[in-house]
Amino acid sequence: MQRLLLILFSLFIAYSTIGSELRVGKNQVFHSIEMALKMSQSGDTIFVEKGIYIEPNLLIQHPISLIGINYPTIENNKQQEIITVESDSVSIIGLHLQNIKVSYINDYAAIKVNRQKHCVFENNRLENTFFGIFLKHSKDCIIRNNYIKGNAKNEMSSGNAVHLWYCKNILVEKNQARNHRDGIYLEFVDNSIVKNNIVADNIRYGLHFMFSDHDEYRGNTFRSNGAGVAVMFSKYIKMQNNHFEFNWGSASYGLLLKDITDSEITNNIFKQNTIAIYMEGANRVDIHKNEFNSNGWAMKIYGSSMYNKINQNNFLNNSFELGVSGKSESNNFDGNYWSSHTGYDLNKDGTADIPYRPVKLFSRIISRIPSTSILMRSLLIDIIDFAEKVNPVLTPDNLKDHRPSMKIIDYDKN
Amino acid sequence: MLKIFKYSLFDLIRSNWSIAYLAFYLMVSSSIIYMNGDITKSIISMMNVILLLIPLVATVFGAIYMYNSREFTELLLSQPIKRKSIFLGQYFGLAVSLSLSFILGVGLPFIIRGIITSPELSNFLVLIGVGLILNFIFSLLSFMVALRFENRIKGFGLSLFIWLFMSIIYDGILLLILIWFESYPTENLAITLTLMNPIDLGRVLIMLFLDTSALMGYTGAVFYNFFGVWQGILLSIAALSVWLLFPIYILLRYIKKKDF
Amino acid sequence: MIRIENLSKAYHKNQVLKDVNIKLDSNKIIAILGPNGSGKTTLIKSILGLVIAQEGDVKFNDQSIVGEWEYRKQISYLPQIARFPENLKVLELIALVKDIRQQEARDNELIQYFGLENELKKPLRNLSGGTRQKVNMVLAFMFDSPVIILDEPTVGLDPVAISRFKELLEREKAKGKLIIFTTHIMSLVQEISDEIIFLLEGDIYFQGSVQDLINQNGSTKLESAITNLIENSHA
């Protein structure tokens with residue numbers, strides 16, 4: 001009898017709120033979001049009031065907006081996936097989603113989307129998550145202004161804060177992504193933009209591109225991640241106005257480039273990274289107007305990296321400016337400012353009159369025998385480097401900046 | 001000892017050498033600050049100057065002083081005073097006068113530049129501390145050499161060789177050893193050999209405090225984990241103390257039997 | 001006062017003193033003579049504890065001096081070469097020595113005696129050799145020590161200063177002191193010494209009064225007596 005009443009009542013509610021609002025809360029008709037979802041119809045808006053909701057997996061199968069008021073806390077009753085979106089045009093805004101357990105079989109996420117478009121995830125707080133926001137085969141979505149903090153301990157048992165797989169036209173903007181394996185992960189993602197995010201303290205990479213083309217990221221800050229950004233097997237990537245800071249550790253990079261072509265790296269600041277840019281198999285990458293400040297290595301160019309242009313960058317106080325292995329003749333290093341350059345400019349044209357050779361002999365020794373780094377800044381090393389500079393024997397003769405700038409290059413750092 | 005110390009110091013701080021040394025340091029620090037503009041960079045540049053020149057100046061100055069005061073030392077020895085007091089007094093007079101020139105010469109330009117209120121103050125103090133320790137160690141070494149060898153040419157030669165050895169040759173040998181044992185993990189060997197040379201130790205300590213970009217990668221982490229924690233710092237201080245106390249012990253033993 | 005017993009000293013293989021035995025008593029001026037390298041300075045330095053002998057002992061008032069330093073309160077010493085810290089002033093040097101000894105000193109009297117009043121505020125590096133030797137004299141004579149040891153005292157002194165020095169020496173002897181000095185100037189020896197110790201290759205070759213030495217050699221002058229002595233020893 002009770003059950004029948006409830007159904008009748010629900011039907012009544014449902015019909016009376018077509019295209020309008022459902023409210024979930026302690027003193028509202030719906031005490032659970034699951035029930036509100038069941039009763040909702042396309043185009044409805046569900047408001048969830050502040051409170052703690054332990055729910056089964058919330059399956060959204062028609063276009064609705066799910067909006068939290070004062071960040072209601074939602075948890076899955078088995079600590080598995082909280083919200084699964086199986087409809088286009090779903091918006092999820094202002095929720096506090098938490099506590100998702102680590103699984104080695106399923107990629108449990110706070111929000112997962114499969115084969116949908118026009119979704120919006122905005123202003124949510126995600127905490128203690130395995131995966132945060134997970135999009136598969138989706139397009140035209142916006143992930144904005146979310147705070148996503150995980151609890152990752154090691155690479156094996158952790159997921160990514162934002163995970164995009166086979167997506168197109170996604171905008172990831174103004175989020176904070178912390179303490180996951182990767183902050184933002186893109187695999188087979190094209191024509192997407194990642195901008196103005198703060199990505200910090202992730203175990204592996206802050207931002208990770210795999211097989212993704214025609215994307216751009218700008219205005220982001222990558223701080224204290226295993227590596228700031230890794231761009232692998234991708235092409236036509238624009239990287240602008242980002243900060244890569246304090247990516248410091250035994251194998252840490254500011255920016256790792258592996259098998260990437262036809263891309264652009266401009267106006268970024270690399271500060272205090274173990275290696276600011278590491279490139280392997282990078283071709284036709286245009287690196288200009290960046291600042292490399294106080295890094296262990298400003299750039300390491302390995303493998304078959306060819307036809308790259310490194311121009312008009314400022315290299316300031318790096319322990320080593322450049323390390324190379326393999327052939328590097330086709331890369332162009334002209335017109336940069338090197339703070340360790342002691343050149344002169346007699347004809348006052350703003351560029352030094354003699355070319356500058358950024359590869360030091362000691363940098364080659366230290367690459368082969370890392371424990372020699374204990375001799376950094378010793379007189380012996382200065383002597384060795386000076387001798388090599390005067391009479392190059394072991395460093396590549398043709399690798400030089402033919403027009404090194406005498407002054408720090410001024411450009412808009414935004 | 002204090003009496004001898006007082007008069008040696010009085011004598012030394014008025015010598016032309018001390019004044020020249022002070023002027024030299026004023027000039028070098030001012031021009032480094034002027035050329036770098038930035039105070040952090042100035043401190044790093046000063047590091048190279050200090051690691052090279054403090055041991056050299058202390059060596060040369062120590063030997064000159066000892067040879068010049070030989071006859072006066074004889075006069076002192078004929079007075080009712082212990083040998084120990086004479087030589088410790090003279091040594092500390094020498095080391096302290098050198099240290100004063102150094103502190104004033106480097107300190108004044110940096111104080112004018114505003115180091116006291118700068119966040120770099122602690123780094124600057126590390127730099128000064130390392131400079132002082134090297135001063136004390138190398139003036140002691142040349143003091144002993146000058147005491148041991150009455151022939152000035154021999155004494156100067158040996159003092160300069162000690163400086164050259166510690167500044168450059170030792171590092172060359174260290175580099176060759178590390179290259180030789182390339183296929184083995186040599187981090188601990190590198191640390192041990194660094195602890196044994198006060199100039200290297202001073203350099204690594206300064207780098208750990210103010211120039212972390214210099215020590216990087218996996219090995220940098222190993223070094224940092226050693227020198228950066230308090231056990232490592234204590235061990236470094238212990239190593240530097242041994243460099244000071246052991247020669248003093250040798251000195252005191254030697255002067256008991258020495259003829260003048 | 002001072003007894004030297006079986007004293008031997010060698011620098012490396014060079015035997016400088018060979019089993020020397022001497023008794024030195026108060027109220028005497030004793031000249032230690034001998035050719036260069038005969039061991040004069042080493043003998044003096046052994047008494048002062050500057051040189052440490054391999055064998056034998058030096059006793060000061062019947063106490064061995066080995067490892068001791070307090071007995072030097074009773075000795076004044078004038079070293080051979082008057083080189084002082086260059087940048088100290090005369091006054092500061094005198095103050096230093098007074099500071100070390102903490103004994104009654106008559107420095108002002110001696111400064112006047114040697115006419116050093118105008119030199120007191122000058123740094124020692126600016127003084128002439130003779131003036132420095134006068135400062136040396138002040139340092140040696142300003143304390144009332146029972147033993148005075150002088151190594152080549154007249155080097156660099158002008159005749160006026162030498163006569164003042166002799167006068168001073170006589171006055172000190174009159175106080176019953178033991179005065180030991182070395183010199184190469186035989187007239188000075190003849191004039192002031194009561195006893196001669198003649199060293200040759202580390203041995204005491206002669207010990208006695210000036211008159212004894214002259215008589216023994218049958219010559220009339222000390223200088224020729226000593227020349228004879230050396231020539232005989234090589235014969």
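How many salt bridges does the rule find across the interface of chain B and chain C? The rule finds four there, and the points below set that count beside the other contacts and the build of each chain.

1. Basis of the model. This is a predicted model, in which local features need pLDDT of at least 70 and side-chain atom pairs count only at pLDDT 80 or more, while totals for chains, interfaces and linings use all residues. Residues are numbered from 1 along each chain as its sequence is written, chains are lettered from A and ligands numbered from 1 in the order in which they are written, and side-chain values use heavy atoms, with hydrogens and water left out.

2. Which chains meet. Two pairs of chains are in contact, and of these chains B and C share the most contacts, where contact means heavy atoms within 4.5 Å. Chain A and chain C are not joined by any contact, and their closest C-alpha atoms lie 36 Å apart.

3. Extent of the interface of chains B and C. Here 27 residues from chain B meet 32 residues from chain C, and about 2800 Å² is buried, with 58% of that area given by carbon and sulfur atoms; buried area is the accessible area (1.4 Å probe) that two parts lose on being put together, summed over both. On the chain B side, Tyr7(B), Phe72(B) and Pro80(B) lose the most area to chain C, together 23% of what that side buries.

4. Polar and charged pairing between chains B and C. One salt bridge joins the side chains of Lys45(C) and Glu74(B), at 3.3 Å from N to O, the term being used for a side-chain nitrogen of Lys or Arg within 4 Å of a carboxyl oxygen of Asp or Glu. The interface also holds 14 residue pairs in polar contact, both residues being at pLDDT 80 or more; a polar contact is a pair of N or O atoms within 3.5 Å, and within protein one must be able to donate a hydrogen and the other to accept it, with residues adjacent in sequence counted only if both atoms are side-chain atoms. Helix H1 (2-13), helix H4 (70-77) and helix H11 (230-257) of chain B each supply at least two residues of the side that touches chain C, and the residues of that side divide into ten nonpolar, four polar and 13 charged. In this division Ala, Val, Leu, Ile, Met, Phe, Trp, Tyr, Cys and Pro count as nonpolar, Asp, Glu, Lys and Arg as charged, and the others, Gly among them, as polar.

5. The interface of chains A and B. In this pair, 27 residues of chain A are in contact with 33 residues of chain B, and the two chains bury about 2400 Å² between them, 69% of it on carbon and sulfur atoms. Ser371(A), Ile374(A) and Arg377(A) supply 28% of the area that chain A buries against chain B, more than any other three residues. The count here is one salt bridge, and Glu182(B) forms a salt bridge with Arg368(A), with the closest N and O atoms 2.9 Å apart. Helix H3 (361-368) and helix H4 (379-390) of chain A are the elements that give two or more residues to the side touching chain B, and the largest share, four residues, comes from H4(A). That side of chain A divides into 13 nonpolar, twelve polar and two charged residues.

6. Chain B has eleven helices and zero strands, helices (H or I, at least four residues) and strands (E, at least two) being DSSP runs numbered from the N terminus. Its radius of gyration, taken over C-alpha atoms, is 20 Å, close to the 18 Å that the globule rule gives for 260 residues, so chain B is as compact as a globular protein of that length; the rule is 2.2 Å times the number of residues to the power 0.38. An unreviewed UniProt entry lists several spans of chain B as "transmembrane region", among them residues 49-68 and 88-112; UniProt positions are given in the numbering used here, feature names are shortened, and annotations may be inferred rather than shown by experiment. Residues 49-68 of chain B are 100% helix, with end C-alpha atoms 27 Å apart, and residues 88-112 of chain B are also 100% helix, with end C-alpha atoms 35 Å apart.

7. The secondary structure of chain C comes to eight helices and ten strands, and the C-alpha trace spans about 55 × 40 × 35 Å along its principal axes.
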